[in-house]
Amino acid sequence: MDLSVFVQLLLPGLTTGCVYALVALGFVLCANVSGVVNFAQGEYVMLGGVVAAFASSQGIALPLAVGLAVLVGGCLGALQERLTLAPVRHAPDFIQITITLGVAVVLRGVALIAFGKDPLSMPGFSGDGVFEIGGAVVALQSLWVWGATALMLAGMFWFLMFTDPGRAVRACSINLQAARLMGVDAERLTLFVFVVAGATAALAGVVVTPIVLANWDAGIAYGLKGFVGAILGSFRSPLVAVLGGLGIGVLESFAAGYVSSGYKDAMVYGVLLAYLLIRGGVFVFGRAALLAR
Amino acid sequence: MKNAAALASFCILVVLYPWIIRGTYPLGVGIITGALAAGTVGFVLLLGYAHQLALGQAGFCMVGGYASALLCVNHKWDPLAALLVGAAAAMAIAWLVATPILKLRGFVLAMASLALHLILVVVAFETPFTGGALGTYGIPKFGLFGLHLASDLAYYYVVWTIVLAFVGIGLAVDRSRIGRALKAIAASETAALSTGMDIRRYKVQMFVLSAGMASVCGSLAVHYLRAMDPNVFGFAFSLNFITAVIVGGLMTVWGGVVGAALITGLRELLRGLSLPLWEGVIMGALTVIVLIAFRRGFAGFLSLLYDRLFGRQETPRVALVEPDVSALRPIANAATLEVRGAARSFGNLRAVNGVSFTVAAGSVTALIGPNGAGKTTLFNLVCGYQPLDAGEVTLDARRIETLLPNQIAALGVGRTFQNLQLFDNMNVLDNVICGGHRHLWGESTGREKARAALAFVGLQGAASLMPGELAFGHQRLVEIARALALEPRLLLMDEPASGLNDSETERLAELTLRIAALGITVLLVEHDMRLVMGLADHVVVMHHGEKIADGAPDAIRRDRAVIEAYLGIEEHAAA
């Protein structure tokens, strides 16, 4: 196997993997605090991308465009939580989850109407140059993606480990009910994680746009691939979710490079399906299944 | 009654539509609506009954669409045969995917079905035999038994006849024990397990059924479109399913039909107004608004309207009456329960630590102990709600410690819950009918048995009330009646007296003795010493997860260890 080809596939894989990792993290945070799997998670990535690309195409300075996209992501996260989830907090789970799907469809639809069918492009933050590493040629923008992701992950780690609301989030992931009984203000915390998840997903969407373009219908793929990461961490472990997301990005890139680019999505989703079938079927028997649920 | 009204309106509308609104375009819309309705009827069973969201339902439409397209074009198959083969394939795939995946929690099936759909799309694009991105053309018109349906009008009626058949299947499911079980599962999975219902099995069945109907939807659509390519049934089509079912109404299969009509109408309207881009926003917004504001959807609204117009009278409230002690017949096969070395830890806490005891057939055995003694954990180990770390549990010498709660219930082990677990979405009689789930009784037998169980506890007058309309003590009795309808050989009661006042407790004691008189073995977990001492033949005492005494009530009353556990050493010495 040629090492330079390997690196050439690995690094771009890590770049898209960063996006999936942040989506997966958003899934895990929202699910732990609110008990809801937010199917709109991937749409925030898409929105961040199209908003920033559109803003910069209108001549708005880059930092402002980025800030605007993140602001949009955070505000929409807050709106989603307040308008569509808070009123149905006590409804059955499947109702709440279906509502998040409806929100995802609205967000896609709005992006389509507002920004049109065509993919939007955006110049790299430090130009559209490339750099060479280990025989592979990588877009300069990848450095921004990695840096932004590392920064967000570090921030999230600090938040979860060393702040009171962060500890509350972790408590919720261990036992939601007990955490609420201990005085965790679930209402405020839920709003907070939706804002954070929306904003981080939007930022991920912005930094990756110079490499992959921003398109109104990209949200499903981001959501589904991030979901794979979240599932790997059983919707509990943020760390496994992040690693899972990165892994999916790399797997996708290898599948495209070594097998066929047409089949890359099928392979990633195939891995998801196979994983689920194995987790559900092959090693879980009898009463132990009760605990796994 | 309501179904008859719905059926009549359905038939009139379907038959007259092509004659009122003439033209090839409206007729085409009618056919497409019908094809969609065939799929959405199944989707109601999945989302509304089994509470499972599937984001990739259009994947099964693809299976049907390609089966019809490829078999009819390349192999000159009869369209009906191709349709059936497609449906069978879709159902087989659904079964293979759902059986393991529905063991997992967290709406995994939703994403798994989306993944499956997207894989199918990629395969359809990439493989040559599907025709790739260009697709397959020249699909013949539909035919029945070699007879080609040349006119679209004939095809329209065929499509809607199939829809009617699917509605019939849906209504039959609704009325069957499976439908009742799904409602019970929706209300309380814990209680559903206690009546022997296999939750996963029914959810898998609904997924499989809905997949078959979605496949038929795909087949019917391509025989009208006459072409099939990977984009015909995309993600947007899955969303159509979801929106249709939610706007139409989740609570009845009629909602699927109404929703299909509304969604197709809306789409054609937007197309007419040249606003096709708005489809997504409007569909999504409708989904969200209906789910928040009126969860029963348009069919639910119609049903409400019907009740308003032809309203039924209020059922009179009936208080507790004298129980009919002869309503249930004695049993001859009471079970013996044996627990040997049962252990269960939570982290460092040994909740149950090597406990052994026997509940003799036909006896009333009480399991007592101070708060935190491990009684409820032990109870859950016996019923299968938690796995054992060590030890064994046998029912008539048969090992049951690895069985699931519903499997244990199916062996004739009934239970009640400390915190009431009634199905609050159905009336008292239906609650009790659910208790007999394991027997595969027909509807009338089940009803009869349930009425007998209600009479036995003295609640025959409350049959048509909702559980929430009853006093707390009476709700307890409903739960006991439900457990009795299971015709148990062993009845486990978890703190049945908690929350009851003195006279209710007394009545409960009488009822327990009557149950024992039927020959049923009873295991009681209780706090109330007076109740226990008056009732039990045999008492097992637990403290800090271990058994400290085991014997007849009189002996237990004098046992030093028991007195110490309950009163503490010093207090005892002072007394």
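Modeller: What follows is a set of questions about the terms used for this predicted model.

Biologist: What makes chain A agree with a compact globule?

Modeller: With 293 residues, a compact globule would have a radius of gyration near 19 Å, and chain A has 19 Å, so the value agrees with the rule. The C-alpha atoms of chain A fill a box of roughly 55 × 45 × 35 Å along the principal axes. Among contacts in chain A between residues at least 6 apart in sequence, 75% join residues at least 24 apart.

Biologist: How do you know which residues of chain A count as buried, and what percentage do they make up?

Modeller: A residue is buried if 20 or more other C-beta atoms lie within 10 Å of its own, and 50% of the 293 residues of chain A count as buried. As for its elements, chain A has 12 helices and two strands.

Biologist: Why are β6 and β9 of chain B called edge strands?

Modeller: The open sheet has four strands in the order β6-β5-β8-β9 (chain B), with antiparallel pairing, and β6 (349-359) and β9 (398-399) of chain B each pair on one side only.

Biologist: What makes β8 and β9 of chain B a pair?

Modeller: Two strands pair if DSSP finds at least two bridges between them, and two bridges join strand β8 (residues 390-395) of chain B to β9(B), with the two strands running antiparallel; therefore they meet the cut-off of at least two bridges. In β9(B), Arg398(B) is the bridge partner of Leu395(B). Helix α14 (residues 375-383) of chain B packs on the sheet, where it touches β5 (337-346), β6 and β8 of chain B, and its direction makes about 120 degrees with that of β5(B).

Biologist: Which residues touch the most other members of the largest nonpolar core?

Modeller: That core has 287 residues, of which Phe27(A), Val50(A), Ala38(B), Ala481(B) and Leu524(B) touch the most other members. Helix α1 (residues 3-34) of chain A provides the largest share of this core, 15 residues. Leaving aside residues up to four places away in sequence, Ala481(B) touches residues including Val432(B), Ala453(B) and Phe456(B).

Biologist: How many residues does each chain bring to the contact, and how does the side of chain B divide?

Modeller: Chain B brings 42 residues and chain A brings 46. On the side of chain B that touches chain A, α5(B) gives the most, with 12 residues, and the residues of that side divide into 30 nonpolar, eight polar and four charged.

Notes: Residues numbered from 1 in each chain as written. Chains lettered and ligands numbered in written order. Predicted model: local features only at pLDDT ≥ 70, side-chain atom pairs only at ≥ 80, totals over all residues. Contact = placed C-beta atoms within 7 Å. Axes fitted to C-alpha atoms, helices over the stretch in contact; angles between N-to-C directions. Core = buried A, V, L, I, M, F, W, Y, C linked by C-beta atoms within 7 Å. Buried ≥ 20, exposed ≤ 12 C-beta atoms within 10 Å, placed from the backbone. Nonpolar A, V, L, I, M, F, W, Y, C, P; charged D, E, K, R; others polar. Rg over C-alpha atoms; globule rule 2.2 N^0.38 Å.
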